[in-house]
Amino acid sequence: MADWQTKLLNEYIARSNDVVLITENEPLDAPHGPRIVFANEAVERVTGYSVEEVIGQTPRMFQGRDTDRQELDRIRAALEKEQPVYAEVLNYTKSGTPIWLEVNISPVSADHGEITHYLAIQRDITARKQAQLDREKADERFHLITGATKDVIWDWNIERDEVWRSESYQRQYGHAAGLVSIGKSSWAQHVEDEDRNRVLASLRAFLNSAEHLWSAEYRFRAKEGRLHWVSDRAMAERDRTGKAHRLIGVVEDITHRKMLEERLSQAE
């Protein structure tokens, strides 16, 4: 490699946002593991340890209470076979803050082909992992809520005409829940004939407007044929031009309330 190429490579490694570590290839079984013989400046930005503190230590210095033991065993098994390995590992900074690292480890061989070192490139993916955990928690919370309520929660992708409905749709009315590819028609066909044109006209007017909230009360027929009074409320997501591309709504069964109102009206 030419001198200018070596200089360019060294400059890239020094300025890289990824941590670059080079360790000895053995001994893997020693109490302190293979020693770190090279670390770039990113190690201090990412972990808080200086290059001087890291040199001569083992990568185990970054591990902590919640570091996945099974993932470490998988990495070790690959190193024993002198194979490259990819992993996502929870490590810790010098101050004790948990940090997620995307780790790529590759064996490095000398001219005679014997593995002498391992090159590890580590990327901080803490923000991505946190976003993933937040989504998982939000999904879990959403499923708990939709499973606990009697109201039907629905999500209509207008452009694809796909509607997702919560399990309450099947529990309450007997119709299949989940994702349906013919969204509007799969719902409209169960609206009572005398109410259908009024409700559809109201929905079309709403979609053609700039409003964000829509509501309607109508009779809805369950699978076994019984009519239910429902209150349907939705919120629109609109693009920059004002066109609605998504509706998220809740259907509440108000049959009992309507029966009481009718009895009160008759009594009066």
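This is a predicted model: local features need pLDDT of at least 70, side-chain atom pairs count only at pLDDT 80 or more; totals for chains, interfaces and linings use all residues.

Tutor: Residues are numbered from 1 along each chain as its sequence is written, and side-chain values use heavy atoms, with hydrogens and water left out.

Student: What makes E1 and E5 a pair?

Tutor: Strands are DSSP runs of at least two E residues, numbered from the N terminus. Pairing requires at least two DSSP bridges between two strands. Strand E1 (residues 19-24) and strand E5 (residues 115-124) share 6, so they count as paired. They run antiparallel. Val 19 has Gln 122 of E5 as its bridge partner.

Student: How many bridges link E4 and E5?

Tutor: Strand E4 (residues 98-109) pairs with E5 over 9 bridges, in the antiparallel sense. Ile 105 is bridged to Ala 120 in E5. The two strands form a hairpin with 5 residues between them. In the turn, Gly 113 has a positive phi of about 95 degrees.

Student: Why is Ser 231 called buried?

Tutor: Buried means under 20% relative accessible area (1.4 Å probe, protein chains only). Ser 231 has 10%, so the residue counts as buried. Ser 231 lies in strand E10 (residues 227-238).

Student: Why is Ala 87 called buried?

Tutor: Its relative accessible area is 1%, so Ala 87 qualifies as buried. Ala 87 sits in strand E3 (residues 85-92). Its contacts (heavy atoms within 4.5 Å), leaving aside neighbours within four places in sequence, include Leu 101 and Val 103.

Notes
Helices (H or I, at least four residues) and strands (E, at least two) are DSSP runs, numbered from the N terminus. Buried means under 20% relative accessible area, exposed over 50%, partly exposed in between (1.4 Å probe, protein chains only).
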